[in-house]
Amino acid sequence: MKRQVPLVLCFLFGVVMCFTQFSPHQYSQAVYNEVINWALIMAPFALIFGTITLIQTHVTRIRRRIEHWQYSFVVFAGLLTMAFIGILFGPQDPAFEWLFNNVQVPLDATMFSLLAFLIASAAFRAFRARTFEATLLLIAAMIVLIGNVPVGDLIWNTVLSWLPWDNGASETRQWILGNPNLSARRGIILGVSLGVISQAIRLILGIERSYIGGGD
Amino acid sequence: MELIDFIGIWIAAFLTLCIYSFLYRDNPFYRFAEHLFVGMSVGYTITISIYQGFIPFAWEPFWEAIKPFWPGVPREAGWSGLWKLIPIGIGLLFFGGVSPRYTWLIRYPSAILIGLGAGLAIPNVLRADIFEQTRGTVEPFASINAGTLSIWGILGAILMVVGVVCTLIYFYFSVEHRGPVNWLSKVGIAFLMIGFGSAFGNTVMGRVALLIQRVDFLINDWIGSFGALF
Amino acid sequence: MIHNKTILWVLTCLVLFLCGTFAFSQEPAAPSNVTAKDTPNDDGSSITITWDAAPEDSGVVGYKILRNSDAGEFEEVSKQLDANETKYEDKTIIKGKTHAYIVRAITDADASVDSQQTDAVQAKGQWFHTGKTPLFIAMLLFSAAIVWNIYNARSGKEIFVRRIPGLEAVDEAIGRATEMGRSILYSTGLGGVSGVATVASMTILAQVARRTANYETPLRVPSNDPIVMNVVREMVKNAYLEEGRPDAYNEENIFFLTEDQFAYAAGVDGIMVREKPAAVFLQGSFAAESLILAETGNSIGAIQIAGTDSEHQLPFFIAACDYTLIGEELYAASAYLSKEPMLLGSLRGQDWGKVILFAAIILGVFLELSGITWITEFLQRVN
Amino acid sequence: MLSKLINLDRRIIFILVALAVIIPTLLPLNLPINVSNPTQRIYDYIDTLPAGSTIMIAFDYGPSSMPELNPMAKAVLRHCFDKKVRVIGMTLYPFAPTLADTLIKEVAEEKGAVNGEDYVFLGFRPGYEQVMLRMGTSIASAFEKDYTNTPLTEIPMMKDITNYDQIDLILDLASGSTTQIWITYVNVKYSQQIAAGVTGVIVSNMYPYLQTKQLIGLMPGYLGASEYEKLIGVPEKGTEGINNASPVHVLIFVLVVIGNTVFFIQRRREE
């Protein structure tokens, strides 16, 4: 029950879903459409389970007075406010939307925008011409970086005005993105895809069992 | 400006500054914003997954199916909604995870989700990634044959094949990288590095755009709202 | 009398004139070779009608399609089609009924000619899409290659795996954390439990856990997917059990944070700056938060080992981390560290796949150059 | 001194980045913009459409990509309304309808375009390829009503529009993988012309499609927006964005150059 049934379920669902991709028949499409929804139906249960463990973690923190335990109350306050209003009145409720727009959206956008700072500090630190490979990385990054803004072409057209080639910065950028960059990406994608498929095969055939705790 | 909007802008601005304070170092303001964010995001995702997943895909069809048992309600839909009892039942197994003795129950829904994902992945990844990317690498040579490609185009197509093959050789694991294999994989690394560098440089724009938007908010909306104070 | 004569005259002229016009605007030929067939490779919701193109000077300006159901009345089912069309896919059929079709050619003069009616056909769904045969064959071949190699590896055949830079650092990182008495932070990324990168990451995590079990170094795993968290708990528990240290396992170290991408990043950042782990592992699939995590990890001076198959995030890991497993290296690393025959065998199978890809690309290039297109046709996309 | 420079405290870099964004926001720059070929092609395509043609704009992006994609949407909408090209708006992103609706209305008001005659906004439907494929048969089978709940049958401009056959171009404004899906399902299956405007981050994924001509044109991030704004002669947020973003790019460039110079001097000395 603990090991065999999950393996059988995994095999069954895997084979059937794989088959629906080859079969245009209305029955197989109906199966596909039904089962795809199951993932959506099960998601809230997994989330509620996750939330229970989250609450457990923070209750422990508060009980044991682990450093910064006071902030666990902030987690509860946020969680309960959103879940309470959202579940009772639905996501279209004005209070829910207001909280979303004025609390969650700014937090999300600001966290995201931290990247502008971090990308600068990472570039400064990492882009050093230490080795041949690092130099390639550095040069490609700088060309694309400067080719992305009009300043790049401005500099090119003034400094390199004796060249019979205008707007070189943006054109070189485009060439790098469209050529060496693309072939490297293709190489990665091909390799990764082979890995994805081989893992999917292992999972379906029950060879890979890590998700039931590993072992045989 | 409505009071409620005014309060909203101030809260948003306060939280924005709380997060930016992290750039200096960890501090109580960041800790407050961080914990609030974690809590609210969980509450938000639960709400959305219930209202956009569970209710339309499980509850409504199921309700349609059992309606006729209610006195006086006409029967409209078929029994197909009863199917939804299966995913609901399987979903309930997740609660086994709460007690250490029954954590293994979670393996059932996990196995289904894994099987489903794996089954869909095989044909789709094979088609969309392997078939398509290989075809895209080879196809320009048909244009060379047809004579419709410029000199640059031809060079590009050849470079593309060299790049793809060498990168793949770098990812070839079951031979020692010595001699010619080593050389080719070195070329592969060179392509990878150019690729990574250009992707990095290319991302800056998008990230800066996000910062510009926040700065725009702080300067125009928030500082702009100071006027309403007086 | 005169009247009669005039009328006669006028009538004659009229008849002559009409004859003339008829002679010049000759009636167009009816569309020929009209066939109606069940559309192949669909779910049984359409019928395809084909006919021969009208000659250029026939004056046909368009076509309309007429249909009957179960030998009933004919009705128009299409709007006017262009004159150069020779095919129409009727997607509005009634399932379970038979339909016959007529193609009506329309001329400049707003006149029209009907073709003969076709045989009545019924649409059927197909169980197998014949256009996907190449895909199916490729899938079977690759599966066979993987299974065969795993079987071989299990029967004890040695499989070589090239050195993967960065993996030596795993022991170094764990050792350093132990020396400094600090914790290790391990993130499995944003992927769900069926993601390959997540599974590979969990396999590496199990290996890391085996090593930390002996040193009692705390291994902290903040998770952003409840299911992944649960699987990780089971795997780490197992690893500690197999190392004979079930007492050292602490379930609270593996916890759910939130599913939201940036809230997760904010939370992990907070853990990093407060707990100051000596080693940070970022393995799995990541999105934009990759650099937020990696830069914060760098700022606290931790040894960082990253690995992802999300090719967009690789540049940031390469820039901010000490070691980075690139794409497929992540999968290979899980095989390399665990030395498990299953993983080693399937790695060999993947390499076979690469050999086939090389062959396809090189052969394809030469065939295309000489005008033979069957490789691209084989790889053609079908929906 | 040198080692201090090479291990510059990241917080100094953060301050420099902040300044590089704040200063141009307060004191706008005005850099020359060169229109790149992929953007030009979209402009030319729309510009040569006869009045009364129809294009479909898919607003496939969420709030976090608004800064880059909204200016593009605005510029293209202005161009269309000026040329009397009709616009059908729709989205496959659950968070997009409000932002797209606001934006279309704003431009329509400015150009005097009439809802239901010059443009229509269909709103959001879940499921990417399902929606795309259904619209191939008939748009009404995916969207029986528009965003304001008016049945499509009652909308004047939808009278002669059934499916992709009557649409001259689909412009996908995307922050994710939707463009690939549009190409896979709508370009390949229905031979529909597709163009894209995408965020800077995913631009490089689009080049293969540009190369195979599956995309007739491409607008990359702020740059694309500013180029299109230049083409229609109305510089706005896109131009502002590219101007404000430029200093940060230059800053990073200069920082890296300084870092490497110092690094080389130091290495020379060590040798």
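Predicted model: local features only at pLDDT ≥ 70, side-chain atom pairs only at ≥ 80, totals over all residues.
## Basis of the model

Residues are numbered from 1 along each chain as its sequence is written, while chains are lettered from A and ligands numbered from 1 in the order in which they are written.

## The fold of chain B

Chain B has eight helices and zero strands, where helices (H or I, at least four residues) and strands (E, at least two) are DSSP runs numbered from the N terminus.

The C-alpha trace of chain B spans about 75 × 65 × 45 Å along its principal axes. Its radius of gyration is 29 Å, whereas a compact globule of 230 residues would have a value near 17 Å; the radius is taken over C-alpha atoms, and the globule rule is 2.2 Å times the number of residues to the power 0.38.

## Where chain C meets chain B

In this interface, 52 residues of chain C are in contact with 47 residues of chain B, contact meaning that the C-beta atoms of two residues, placed from the backbone, lie within 7 Å. Several helices of chain C, among them α2 (133–154), α5 (226–242) and α10 (341–369), each supply at least two residues of the side that touches chain B, and α10(C) gives the most, with 12 residues.

By class, this side of chain C has 28 nonpolar, 12 polar and 12 charged residues, with Ala, Val, Leu, Ile, Met, Phe, Trp, Tyr, Cys and Pro counted as nonpolar, Asp, Glu, Lys and Arg as charged, and the others, Gly among them, as polar.
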